[in-house]
Amino acid sequence: MDRLTFKSRKRALKRIKRRSLSELAASWVQDDLLYSGRGRALFMILPTMGCSWALSESGGCNMCSYISDSFLEPVKSSEITEIFDEIMSRHEFDDRMAVKIFTSGSFLNPEEFPEDARTHILERLSRIDAVEEIIFESRPEYIEENVLRECCELVPDKIVEVSIGLETCDEKTRLLKINKGFTGSEFERGIGIISGLKDEFMLKSKAYILVKPVLVSEKRAMDEAISTAVYAEKTGVDRVSFCPSTVHRGTIMEDLWRRGSYRPPWIWSLVEIINRTRETVSIPSIMDTSGFGTSRGPYNCRKCNRDLKKLIIKSNLEQEMVPPYECECRERWSAELKFSELTGSTDIMYEDYS
């Protein structure tokens, strides 16, 4: 899988139209669920050289195209902080705000994100009373006690959340089907370091859970996502975010999708996942709705895509079950669940039919 991913990544990088740092940067504000309840969140994308795992000979994760939105060369601290300051100047900060920092890689990896830029960002956010939470992403290998301690000491009155792309608790799926590049024990080590600092700081962790990687059937994808939420809670994760697959350009997932060997999950499956998760785990759980109703994202049919997206967003904010909803396409989803192990893009377990 790593060789296929690397070849796919090389082809994609050759087709990239290079953009300036300012063109790669983005920000927006939307309603969100904070640890203190409903609030607002400022999302910002800060351009960097990109994820070291994706830039390595491994090719990175086979569903991710964020490297295509990276600068692909080292970015100076002064350039990052200038973009950050410009974004901050364009937004007003109300009560109960979270700031979510995306770098198309690991915020804690100094080779991707310079330490003095990290310090500048945290120091500025520490002075804004309305900011309750600061969220950033990192692979587990960059999570170290001394680094987290430095971050938390810069923002002693804020919640700091480290988000990790666990994707699944199944080692075979994570390593061989996603090409994630780290084991469950490495993830548990990172969560253990975070948990060990909670007595001193308001430090939290979040696990991203990928819904329906390639070579996984619809039914197995549902079961695996719910099992992963249970595993995350037992490991000490503070909240989980389900990320339904969306077909990104220049990925193996796109190659399979174009050949008719993969389709993103049904929205019905996502409703089932979030409802069963709410029954099973006590930590907050969010279902991302990006790409809903598009040909490259989760979809049911034109009649119910939009309605179910609204219901899931409401469920995210209120942490309640998605209420019953009927549509004729639900029967087709039920049939696929029953026979999905027999379709061409699954990991068929023949003993199930013996």
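A cavity here is a set of points, on a 1 Å grid over the protein atoms alone, where a 1.4 Å probe fits but cannot get out, and its lining residues have an atom within 4 Å of a point. By this rule the count comes to one cavity of 30 Å³ or more, where grid points are joined across faces, edges and corners and a volume is the space filled by probe spheres set on the points.

A word on what you're looking at. This is a predicted model, in which local features need pLDDT of at least 70, side-chain atom pairs count only at pLDDT 80 or more, and totals for chains, interfaces and linings use all residues. Residues are numbered from 1 along each chain as its sequence is written, and side-chain values use heavy atoms, with hydrogens and water left out.

The largest cavity holds about 30 Å³ of space. Around it sit K100, I101, F102, I135, F136, E137, S163, K206 and Y208. Two or more lining residues come from each of β3 (97-102), β4 (131-137) and β6 (203-211). Strands (E, at least two residues) and helices (H or I, at least four) are DSSP runs, numbered from the N terminus.

Sorted by class, that lining has five nonpolar, one polar and three charged residues. Ala, Val, Leu, Ile, Met, Phe, Trp, Tyr, Cys and Pro count as nonpolar, Asp, Glu, Lys and Arg as charged, and the others, Gly among them, as polar.

**The sheet**

Eight strands make an open sheet with mixed pairing, in the order β1-β2-β3-β4-β5-β6-β7-β8; two strands pair if DSSP finds at least two bridges between them. At the edges are β1 (26-34) and β8 (285-287), each pairing on one side only. From one strand to the next, the twist averages 25°. Strand β2 (residues 37-45) pairs with β3 in the parallel sense over six bridges, and L42 has V99 in β3 as its bridge partner.

**Helices on the sheet and on each other**

Axes are lines fitted to C-alpha atoms, for helices over the stretch in contact, and angles run from 0 to 180 degrees between N-to-C directions. Contact means heavy atoms within 4.5 Å.

| Helix | Strands touched or crossed | Angle |
|---|---|---|
| α9 | β5 (159-167), β6, β7 (239-244) | about 165° with β6 |

Terms used:
On a 1 Å grid over the protein atoms alone, a cavity is a set of points where a 1.4 Å probe fits but cannot get out, and a pocket is an open set with protein on both sides within 12 Å along at least five of seven lines; lining residues have an atom within 4 Å of a point.
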